[in-house]
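Subject: Structure for you to look at

Dear colleague,

Here is the structure I said I would send. My notes on what was found in it follow below.

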Amino acid sequence: MEQDQILLLRLAWTAAIAPIVLASLPLPFLGFLHRLVKGFAARGKLKGSTRFTVPQRYYLHFYIVAVILTTCLLIPTWFYAYVEMTPLSSEPWSYSTITSHLIGGSNTFSFNKARSPTLSQKYKVWQTVFLLLLMEIQALRRVHETLNVFHYSPSARMHIFGYFTGLFFYVMVPISLASPCIMEVVIFLRSQIAEFIVKGRDRMPDLRIDPPGLVKPLLSLGWCQWVGAAIFFWGWLRQLRCHSILGSLRENKGADEYIIPHGDWFKYVSCPHYFAEIVIYAGILVASGGYDITVWLLFIFVVANLSFAAAETHRWYKQKFEDYPNTRRAIIPFIY
């Protein structure tokens, strides 16, 4: 808690001195910084420009990285939760469970049941599994959309700064979601590997996976997780629909042709898919309980990044199309 307070104070101090620092910078550098940020926010609208850019289809790299890293964190964390953090209650083991464990019939490794985690520790680990599952669902859908829904223009580019920022973000999201118990999982896996090396495969107790046991603790989590999941899937479904509309605009169209999107939330804003992304991460924030400063920082970055990108996209639409609807906002219906 003290570390979180120190981090908040540092963020507040940074926000306070940032305008002073920017005001002291030379005008040429500020101009370069302005162009850099606008290029970053262009999101594929850099047609004809190839300097410091990469093809827009490279968005796929973000989501492949997210799927690989999230999966690599989800599987061992879920395994650790199943072996070490069940049942998700404060009740002691029953006599039958203890007897089964002593005679070698337990469905968990005997090496790690010596200590008894508290209910709050169990809850924290299963909550982490829950958050990683949400991230996996989001990342897998984005891979599918990038491959099968979007039809990127051959000339559409994105700034190299935006590309590396996106890669960094999708590396940090799963790591941040797993951070509350990542060291516990690493220690657990090391102990399992050490036991396997010492005992050998033949002397290791059998691990029998009980499918309901993998899911039941997730169903026993608190209201925050399920309210957060409801918000997440609401935004997830809306983004799915908006991306489907955007993807359909290029079907049987010219390679470089842009068309005004219509339907669903496009009636109200220019970038409803960005708004849906904010809703998705708001759901993850609520599901996390709102106590982890790293999840807050992820959410703040998503809001700031997509709000700026939406403003630039909205401006681009209005400049390109004379008949663009004046009633549309950039990202938040009726507000902004």
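Contact here means heavy atoms within 4.5 Å. This is a predicted model, in which local features need pLDDT of at least 70 and side-chain atom pairs count only at pLDDT 80 or more, while totals for chains, interfaces and linings use all residues. Residues are numbered from 1 along each chain as its sequence is written, and side-chain values use heavy atoms, with hydrogens and water left out.

Tyrosine 281 touches Met135, Phe169, Tyr170, Val173, Phe299 and Val302, leaving out residues up to four places away in sequence.

Overall, the protein has 11 helices and 2 strands. Both kinds of element are DSSP runs numbered from the N terminus: helices are H or I with at least four residues, strands are E with at least two. Their order along the sequence is α-α-β-α-α-α-β-α-α-α-α-α-α. Of the contacts with a separation of 6 or more, 86% join residues 24 or more positions apart.

Of the 336 residues, 44% count as buried. Buried means under 20% relative accessible area, exposed means over 50%, and partly exposed lies in between (1.4 Å probe, protein chains only).

The largest nonpolar core has 69 residues, and those touching the most other members are Phe62, Trp126, Tyr170, Leu177 and Tyr281. Such a core is a set of buried Ala, Val, Leu, Ile, Met, Phe, Trp, Tyr and Cys residues joined through side-chain atoms within 4.5 Å. Helices supplying at least two residues each to this core include helix 5 (119-148), helix 6 (160-178) and helix 10 (272-287). Helix 3 gives the largest share, 12 residues. A second, separate core of 7 residues includes Ala156, Tyr258, Trp316 and Tyr324.

Isoleucine 231 sits in helix 9 (residues 223-248). It counts as partly exposed because its relative accessibility is 28%. Beyond its neighbours within four places in sequence, isoleucine 231 is in contact with Val279, Ala282, Gly283 and Val286. The C-alpha atoms of isoleucine 231 and glycine 283 are 4.7 Å apart, although the two residues are 52 apart in sequence.

The unreviewed UniProt entry annotates residues 12-37, 58-81, 160-189 and 218-237 as "transmembrane region"; such annotations may be inferred rather than shown by experiment. In the model, residues 58-81 are 96% helix and 0% strand, with end C-alpha atoms 35 Å apart. For residues 218-237 the figures are 85% helix, 0% strand and 22 Å.

Regards
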